[in-house]
Amino acid sequence: MTSATTATPPSPPPTPASGVVIDIGVSGMTCASCARRVEKALARLPEVTEAAVNLATERARVVFSSAGDARAVADAIEKAGFQAERRDIALTIGGMTCASCAGRVEKALARVPGVEQASVNLASERAQVVVFGSAADADRLVAAVERAGFTATPVDDAGGTDLDDPRAAHARREVQHALAASGLAAPLALGMVGDLFGADWMLPGWAQLALASVVQFGLGARFYRAGWKALRAGAGNMDVLVALGTSAAWGLSLYALLTAHPGHSPHLYFEASAVLIAFVLLGKALESRAKGRTAAAIRALMDLRPATARLWRDGNEREVPVERVRVGDRVRVRPGERIPLDGAVVEGGGGVDESMLTGESLPVDKEPGARVTGGSLNLDGALTVEVTAVGGDTTLARIVRLVDSAQASKTPIQRLVDRVSAVFVPVVLAVAGVTLAAWWLATGDAEQAIVTAVSVLVIACPCALGLATPTALMVGMGAAARQGVLIKDAEALERAHAVTIVAFDKTGTLTEGTPRVTDLVPAAGVDATDLLRRAAAVQATSEHPLGRAVRDAAVAQAIPVEPVADFRALAGRGVTGVLAGRALLLGNARAVAEWGGSDDTLGARAAALESAGRTVSWLVERGEDGGPARVLGLIAFGDTVKPSAVAAIAALRGQGVEAVMVTGDGWGAARAVAATLGIERVFAEVLPGDKAAVIATLKAEGARVAMVGDGINDAPALAAADVGIAMATGSDVAMHSAGVTLMRGDPRLVAGAIDIARRTHGKIRQGLFWAFAYNLVGIPLAASGHLSPVLAGAAMALSSVSVVVNALSLRGWTLPKEGA
């Protein structure tokens, strides 16, 4: 211990005034030699002047002579055999208009020293950034985003920011701008419509110029600002295309107006520039409203958090902001109020509605000792709750963070789309330039060449490409969360849609996980009710799971229970007691043999029950002072199948997915449950460490395998599967190893998770198909002169809206009905 203290000082030495310091957590160290190993690895990095590792705090402090390299520090720590600390920072991004903008923000964040990974979601306007230790903080990330020409706001630990008002205000502004542009462009559009009927409804040229200029440089100023920021950053985006296209139409019209001969009415395109901007703004307004609806699931979860709590302290109740409540405090919850924070009931009881968190529509009865979750609704009865988690540690906050993070993640196909979007605008600009030159050279008509090039610029839409995947992910994952299915990230969803085999653990997943009385077999001349009454008397004070099962069975049949006298527990054999002057034994065959009891008929029945996977206890009586033992009967215990398990297996079969069972239980119990559920393939007596090997065997057959479990022993198999599915009723280790978490122990949610994954993946494919098809068809049509700028602008606005609306059709998703 002395050497450990010497090698690892309690605090690193002060940092020199010059140089860059990186402070990072290190996990996995167990002794001073571990700390020295990390120090040596860090000291070998280029330009490192000092490296100190504190074993007590598990932190490393590295001083560089010039620019620090956090990634190199993390790599050195991990090559030494330890884990480097990583933190997740979420930001809300403002000012993005298309996929190119999202790509620009991503690159700006990725360039910040200390950032390992950055992912930006255009639909949710969120960025998820993974940083090494304290090498990068939220302020540096915000500054990087602002330098790229956008705005950023950190998201708090509790799972969100106060975004509703700014988003709603933004949506209202979009509608106002769209209506104003439409109103100003309407007289110009009316003249265009008149041309179709041979009527001259066109305003005088100077009136057209006045209206179009207000639209172009007033309501359309946003395109110039955003486009200039993009060009200054060395990139292009939708705003550049709109600004160039409409400016060309407006400038051509102004030139024609200024150079027209007196008395001659030149052909003007002011209506094209004004109507184009009106269409784009209208599309943005509809898109903004639709995008707001895609985040409905997150907002619904965040709205569950009460702003205040009734704090009960020193016999007084007072209402305080929920942020002021601490772990260990007691809060009171009246009927009809939401429970403010996670905790345990210490007084009172009643039904609690947890449907928004678990998807379970039936209320859950709570009594003293029961756990309650912040955000759930107290239906009846007053509760006093001792708080066990606050702020970002509550279940609701963790769910919000998980859903938020999952919605911001990217599928492999989205990464390909991002690469396409990065070069999309430069390619469109090149196509427009070639179109301009080709038409001018071919026809000698500069006016027609410019108009055709404008059509190319305004029909191209990188927005549809950028929105197709994130909107479908947001809506699909949000709908899943409302039904109690939490999907960890986009890759888990991508893998889940292709699952062909689901491997179930048995205990606690397909079965209830607690023993229950399944069979009462009285001996000749003994009544079954009397058998259960006497057994319950022996088990009246037992805390053993089989004892509770006997008592529950007696209560269910309204059998009064009279505790025995002289209760004793026989380790590994059973329990004894005295009732009405008769000694009773409830135990296994070994204990019965010790008492000298036997019954050949019941022995055969016991063997049959045990071969079916049941646990059998014998009830025997004899005189209090000894004498011959008499067998009164058998009680068999089993882990009963969950009521919804049969429907769950049937639903998977209907999806074309095979269900198999992987369990550590004996073959008798496993086969009995499998026969009840219609599962054909069973792997029984599998040790915890071997479950992952079974998953590997199934994957070797070419199957995409999902593993469903709830215990610590399932964690390796969950990690080994293509998709791990954990039940939230189980261990935290299992949930951390899983890509999908089911918020209640209903196996039907497994089929639901696969169903929503398939539907969401389908929407992604549809959105990307139409986005690519639209651009691949629209751009050639515009370049060939078959689309006017106005029609091109309308098509461009419609493409983004249609992609988002298509994704919104997932909002109404519910769990598949039985037999569906």
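Student: Which residues does Val-73 touch, leaving out those up to four places away in sequence?

Tutor: Val-73 touches Ile-22, Ile-24, Leu-42, Leu-45, Val-62 and Phe-64. A contact here needs heavy atoms within 4.5 Å. Keep in mind that this is a predicted model.

Student: What makes Val-73 count as buried or exposed?

Tutor: The relative accessibility of Val-73 is 0%, and buried means under 20%, so Val-73 counts as buried. Val-73 sits in helix α3, residues 70–79. Its C-alpha atom is 8.4 Å from that of Ala-84, 11 residues apart along the chain.

Student: How far can I trust the coordinates, going by pLDDT?

Tutor: The protein averages a pLDDT of 81, and 86% of the residues score at least 70. Over residues 159–164, though, the pLDDT is below 50, and this stretch has 19 contacts in the model beyond near neighbours in sequence. Residues 1–18 also stay under 50, with 26 contacts beyond four places in sequence. Where pLDDT is low, the predicted coordinates should not be read in detail.

Student: Why are β14 and β16 said to stand at the edges?

Tutor: Start with the sheet: 3 strands form an open sheet in the order β14-β13-β16, with antiparallel pairing. β14 (364–366) and β16 (377–378) each have a single partner strand, so one side of each is left without a neighbour in the sheet.

Student: How do you know that β13 pairs with β14 and with β16?

Tutor: Two strands pair if there are at least two bridges between them. Strand β13, residues 350–353, is joined to β16 by 2 bridges, and 3 bridges join β13 to β14. Asp-353, in turn, stands opposite Leu-377 in β16.

Student: What makes β9 and β10 a pair?

Tutor: The cut-off is at least two bridges, and β9 (residues 308–313) and β10 (residues 316–321) pair over 6 bridges in the antiparallel sense. Arg-310 stands opposite Glu-319 in β10. The hairpin of β9 and β10 has 2 residues between the strands, and Asp-314 takes a positive phi near 55 degrees there.

Student: Where are Ala-558 and Asp-566, and what are they called by accessibility?

Tutor: Ala-558 lies in the loop between α19 (545–556) and β21 (565–570). Its relative accessibility is 67% and exposed means over 50%, so Ala-558 counts as exposed. Asp-566 is in strand β21.

Student: Which residues of helix α18 are buried, and what is found at its start?

Tutor: In α18, residues 528–538, the buried ones include Leu-531, Leu-532, Arg-534 and Val-538. At the start of the helix, a side-chain oxygen of Asp-527 comes to within 3.0 Å of the backbone nitrogen of Thr-529.

Terms used. Residues numbered from 1 in each chain as written. Predicted model: local features only at pLDDT ≥ 70, side-chain atom pairs only at ≥ 80, totals over all residues. Heavy atoms only, no water. Buried < 20%, exposed > 50% of the residue type's maximum accessible area, 1.4 Å probe, protein only. Helix = DSSP H or I, 4+ residues; strand = E, 2+ residues; numbered from the N terminus. Polar contact = N/O pair within 3.5 Å; in protein donor to acceptor, adjacent residues only side chain to side chain. pLDDT = per-residue confidence, 0-100.
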